[in-house]
Amino acid sequence: MAAASVLEASVLNPLSYQLQYPRPIKTPPKPLSLYLVSPSKPYLCSPENAQQDPQSAPENPSPGLDNGPHNARKDRKRAVRVAWEKLVRWSRSWRSKAKTDVLERTNKVVVLGGGSFGTAMAAHVAGNKADMEVSMLVRDAHVCQSINEGHCNFKYFPEHKLPDNVIATTDAKMALLGADFCLHAVPVQFSSSFLEGISEHVDPNLPFISLSKGLELNTLRTMSQIIPKALGNPSQPFVTLSGPSFALELMRKLPTAMVVASKDKKLASAAQQLIASNNLRINSSSDVIGVEIAGALKNVLAIAAGIVEGMNLGNNCMAALVAQGCSEIRWLATKMGAKSTTLTGLSGTGDIMLTCFVNLSRNRTVGVRLGSGEKLDKILSSMNQVAEGVSTAGAVIALAQKYNVKMPVLTAVARIIDNELTPKKAVLELMSLPQVEEV
């Protein structure tokens, strides 16, 4: 047919033209879906080669249809599901290979101190192994009696029953005899004198896991320095445990995550095995100074956060103050040799968020009451637990001077605690500071 005839046929009789000259059918492009193999190695595949991973095969593929918004949503949901399933399989595989020999061969753990956190950790560790003795060394004979006879610490957790394998004693020699691990839960300011008094009963190879957070006021020492010095053994095995954790929530077996830090990698791993459980996740680190400094300084920052709350200065002020405080902690900690990654982890940002924003925090409570106008002496006399930030504040400022670091927020807290500055005046001074470039 001539070109004119074809044109005429197509205009006058389109149906006849289409029958004689059918258009080729175009196959739509096959949709691509993202399947995540690992966080570092994503790859693209089409539905027909999804058999590489049976879990990732598309459900009811519809060839020939455009991959419109509905299919795109399905692909995204499928990618998320596959990524999650791979994560779960990896986790199960890891757990199946995890070592448990430390817990299996541990027969006795001693806990030094009968406060709230020491009691919570004693109960937690005892729950990991029913036939393991957990001996608490306490000062108060009444607390000792309530633990042994009533299976509770009436002073801190009267409504929570302790496991039957938790016992208490006021005899240091009996408590420490045959212990495989020691959990140290004595407040920092009393640790040196306490440890010196029991040092003759401490095995030089007994691993100490410190639960105490803070700095010794007169010496500026951390627990990793206090414990070996007080025991007269520079090589005493040492681990520090820190992270966002309220004792009450540990007693309730609520999900919690913490970190153990030691220069001895094997010892850190052993502490992980001893403490970890279904409701308590334990990460590990070699950055002892970072974990300890973050744990000490966050208590001072929590007092500042409480003052803002007590003065009703609002959420904007709270966010600005805590952000500034985090920077100050980072400046000092890194000058002292801490890793910046530690300060954004559980023992840093994690613990700061918990301590600064939650009412269960003792240090935050002190700040709230200071901001409301109460006197420090009255506040402390009404508390049955130690707020470490009060005594740590002065030590922090001494450290800042030693390392030539400016810390306006934490310095203001120390001045308020020393009764040399009112909370209102401190706020005015802080708001008048030079406006500088963030670093």
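Colleague: How many helices and strands does the protein chain have?
Modeller: This is a predicted model, in which local features need pLDDT of at least 70 and side-chain atom pairs count only at pLDDT 80 or more, while totals for chains, interfaces and linings use all residues. Residues are numbered from 1 along each chain as its sequence is written, and side-chain values use heavy atoms, with hydrogens and water left out. Helices (H or I, at least four residues) and strands (E, at least two) are DSSP runs numbered from the N terminus. Counted in that way, the protein chain has 20 helices and ten strands.

Colleague: What share of the residues of the protein chain count as buried?
Modeller: Buried means under 20% relative accessible area, exposed means over 50%, and partly exposed lies in between, with a 1.4 Å probe and protein chains only. Of the 439 residues in the protein chain, the share that counts as buried is 45%.

Colleague: Which residues of helix H8 are buried, and where do they fall around the axis?
Modeller: Helix H8 spans residues 188–198, and its buried residues are Val 188, Ser 191, Ser 192, Leu 195 and Ile 198. Seen down the axis of H8, with the arc taken from the directions from the helix axis to the C-beta atoms, these buried residues fall within 150°, so they line one face of the helix. On the other side of H8, the exposed residues are Ser 193, Glu 196 and Gly 197. The answer is therefore Val 188, Ser 191, Ser 192, Leu 195 and Ile 198, within an arc of 150°.

Colleague: What covers the buried residues of H8?
Modeller: Contact here means heavy atoms within 4.5 Å. The cover of the buried residues of H8 includes strands S3 (108–112), S6 (181–184) and S7 (208–210), together with helices H7 (172–176), H9 (223–231) and H18 (388–402).

Colleague: Is Leu 241 buried or exposed?
Modeller: Leu 241 is found in strand S8, residues 238–242. Leaving aside neighbours within four places in sequence, Leu 241 is in contact with residues including Met 121, Ile 209, Val 259 and Ile 282. Leu 241 has a relative accessibility of 2%, and therefore counts as buried.

Colleague: What is the phi of Asn 312, and is the residue buried or exposed?
Modeller: Asn 312 is found in the loop between helix H12 (288–310) and helix H13 (315–335). Although Asn 312 is not a glycine, its phi is positive, at about 55°. With a relative accessible area of 67%, Asn 312 is exposed.

Colleague: What is the phi of Leu 220?
Modeller: Leu 220 lies in the loop between S7 and H9. Phi of Leu 220 is positive in a residue other than glycine, with a value near 65°.
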